[in-house]
Amino acid sequence: MQHQLKKLLKQYFGYDQFRPTQEDVINRTLSGKDSLVIMPTGGGKSLCYQLPALAKEGTALVISPLIALMEDQVQALLANGVSAAALNSNTTANEIRAIEHELSNQTLKLLYVSPERALQSNFISFINQQKISLVAIDEAHCVSIWGNDFRPEYMHLPALMKYFDDTPFIALTATADKATQREIMEKLKLRDAELFLSSFERKNLTTTVLPANKRIDYITDYVKSRKDECGIIYCLSRKSTEKVAQALIKEGIDAAYYHADISASERQQIQKSFQQDDIKVICATIAFGMGIDKSNIRYVIHHNLPKNLESYYQEIGRAGRDGLPSECILFFSYGDGQILQKFIEESQAEEVFKNVQRAKLSRMLEFGSATSCRTNFILSYFGEHRTENCGHCDNCLHPPRSFDGTVIAQKALSAVVRMKQQVGTNMLVDVLRGSNRKDIQELGYNQIKTFGAGSDISRDTWLSFISQLINQGFLELDFTDGNKLKVTEIGKMVLFNGHKVKLSQVQLFTGKSAPKKSKKMMFEEGLIGSLRKLRKEIADAEGVPAYVVFNDQTLQEMAAEKPLYLSQMAQISGIGKHKLNKYGEIFIKKIQEETLGGSTPKNIKGKTYLETLKLIQAGKSVSEISILRKLNEITIYSHIAYLFEKEEISNIEIYIEKGKCIEIGKAWEDLNKTDNLKVLFDHFKRKYEYYQLRLGVSWWKKEMGE
Ligand code: ADP
Ligand code: ZN
């Protein structure tokens, strides 16, 4: 059975291995039992029900709350040669008839249905007569009345169960916390369901926090250096989405802004263009995201601070769903914290609710100024505790060094006092750095003792130190007084009682110090660019998003492996039978074209055979090729044998007669299929030359289907 499942995995999805939990969930579903699967975004939930659907007779019903998600999944399945369909409010009467037809013929493996549909009595009575292999409930947290995604219809889903007594149910979600897990179990009335809980760590995401100054400059540089890649930039206000987008557009980047004031049809258009890679960057308020199932989002930037860690984790979760390395950058500022605080204070919500919001915001601020592993900070926030560090956040990658920062703290605190606690962070930094800002002179701040006392420290570093001072409680931002800095009681102890302060030297990551690229890397980058272009052309012609053709991971592996023959292409992860047949040739042709060019790296697997092949195709004889390629004839014949085995050459009888091949082949069988041609050579007492033996064995193997 396991062998059979792996075969299906390779055949349809082109993968060699299951991820750890997948196999367990699949086995449980195949044994007819219920499961609740909690896995982070990108963890591979879909396969947990898609594979049993393929392994079992009948059709799997997948309840899915969003039309866009449903249609993406169906497209991806069809592209892999799996028959699947979606039934929702967009489905036309004709399409419904076709689906019903396929269902009764048992040719449909998966049917995605909206919960409203699934609960309609005519649907139930129709489906009741069909063979249903399993019922999957995607985004199962929609049953939770506490979450943002509550769907009342989800509460009625247990009603379905009585029609499907012995059909396994599998509920899936990426929502972590214990309360939601319990609620799903109870509300969906799963029967003795096993809980499969994966770690929430997203190993392919690097998280970096940067001080929030010169954000737009940084963002434009960053995006320009990744102009072929897609990303999302989240902003707090509609205005800033427009500002950032315009700055990017000015630099020639395909960017768009997205917020609640844009008409629904325009929003839909933007989503679609993003999905198709026509728009590379979306600058959006949080309104953007639900319903986005794009797998190749390579970065998520927060131009502003999110209101809590739940939102932050959900938003960065949209990056790297295909498992490839992706970056998350958060611009951190206390000013944003103050704005968010104001939203809370001004809202009409009840005090208990506001208290929760305040607590969540302060955890978000702590996260922004944390000097230890950020991943662990988030995981522990969601109830997953561990001691080892992640190794993929800024604090793990560039550990901050802590040192005695008392003198630095005193400079800052003293400046605040001397400016009568009437300045905000930016002014403080400028005064410490001795800036010649006009208002500094007007206000006489250039006369105070600490003016310019910190000119040896960069602006970014000062911003980081000041947030550390706020975070450690020596300074306070006065929300009631225009965000001005105030020295706290313990701050006074630093100034007057010599209280020690520890600061961390945060190594600011600028993203600009990229290592020098080798020739091979440059070549592969060029190749991936061409492959991407080809993928886009195909995707546009078929009207599907580019990643439905091949995802980024597959494309990268292709550029690294440079398959020149179909048999090599079949080894690439993510290429199942269907895609191999459909796109294999055309991608190989592109790779061949590029690798046969002048400046290609050496050691490309099979390249030498390809060069021989091209000459054969140009009508050259073996001896001519041998001269042209400066290789001896025996080598050329061994190429021919290889190419014949790889089915690049269909006929070798022009090089050796069939009768001879049969004679050699039979002898080879008698000699226990020896790998050692010398044995065969001696057996024939030099009647055949080595090259003939090699060709003869190849011919025989092929005839015998080995
Ligand atoms: P989720 O629904 O949990 O967010 P998906 O089911 O969309 O995740 O899977 C995320 C990505 O991982 C997809 O690109 C998928 O093809 C890939 N994937 C899933 N399972 C495997 C596997 N066993 N081997 C390699 N890639 C996989
Ligand atoms: Zn870490």
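Predicted model: local features only at pLDDT ≥ 70, side-chain atom pairs only at ≥ 80, totals over all residues.

Reader: What arrangement do the four donor atoms around the zinc ion (ligand 2) make?

Author: The zinc ion (ligand 2) is coordinated by the SG atoms of Cys373, Cys390, Cys393 and Cys396, at 2.3 to 2.4 Å. Four donors count as tetrahedral if all angles lie between 85 and 135 degrees. The angles here are 101 to 120°, so the arrangement is tetrahedral.

Reader: How are the donor residues of the zinc ion (ligand 2) spaced in sequence?

Author: The donors to the zinc ion (ligand 2) are Cys373, Cys390, Cys393 and Cys396. Written as a pattern, their spacing in sequence is C-x16-C-x2-C-x2-C.

Reader: Does Cys390 count as buried or exposed?

Author: Cys390 gives its SG atom to the zinc ion (ligand 2). The cut-off for buried is under 20% relative accessible area. Cys390 has 14% relative accessibility, so it counts as buried.

Reader: Now to the other ligand. Which helix gives the most to the shell around ligand 1?

Author: Ligand 1 is surrounded by 16 residues, and the closest are Tyr15, Gln17, Gly42, Ser46 and Arg321. By class, this shell holds four nonpolar, eight polar and four charged residues. With three residues, the top contributor is helix α3 (residues 45-55).

Reader: How much of the area that ligand 1 exposes when taken alone does the protein bury?

Author: Let's start with the contacts to oxygen atoms of ligand 1: a polar side-chain atom of Tyr15 lies 2.6 Å from one, and a side-chain N or O atom of Arg321 is also placed 2.6 Å from an oxygen atom. Gly43 takes part through a backbone N or O atom, 3.4 Å from an oxygen atom of the ligand. Taken alone, ligand 1 exposes 560 Å², and the share of this that the protein buries is 82%.

Reader: Is Asp277, with its positive phi, buried or exposed?

Author: Asp277 is not a glycine, yet its phi is positive, about 70°. Asp277 sits in the loop between α13 (264-275) and β11 (281-284). Its relative accessible area is 9%, so Asp277 is buried.

Reader: And Lys685, is that residue buried or exposed?

Author: Lys685 is another residue other than glycine with a positive phi, near 45°. Lys685 lies in the loop between α33 (677-683) and α34 (690-703). The cut-off for exposed is over 50%. With a relative accessible area of 69%, Lys685 is therefore exposed.

Definitions and conventions
Residues numbered from 1 in each chain as written. Chains lettered and ligands numbered in written order. Heavy atoms only, no water. Helix = DSSP H or I, 4+ residues; strand = E, 2+ residues; numbered from the N terminus. Buried < 20%, exposed > 50% of the residue type's maximum accessible area, 1.4 Å probe, protein only. Near = heavy atom within 4 Å. Polar contact = N/O pair within 3.5 Å; in protein donor to acceptor, adjacent residues only side chain to side chain. Areas by Shrake-Rupley, 256 points an atom, 1.4 Å probe, with all protein chains shown as cover. Nonpolar A, V, L, I, M, F, W, Y, C, P; charged D, E, K, R; others polar. Donors = N, O, S within 2.8 Å, 3.2 Å for Na, K, Ca; no water. Tetrahedral: all angles 85-135°; square planar, octahedral: opposite > 155°, others 65-115°.
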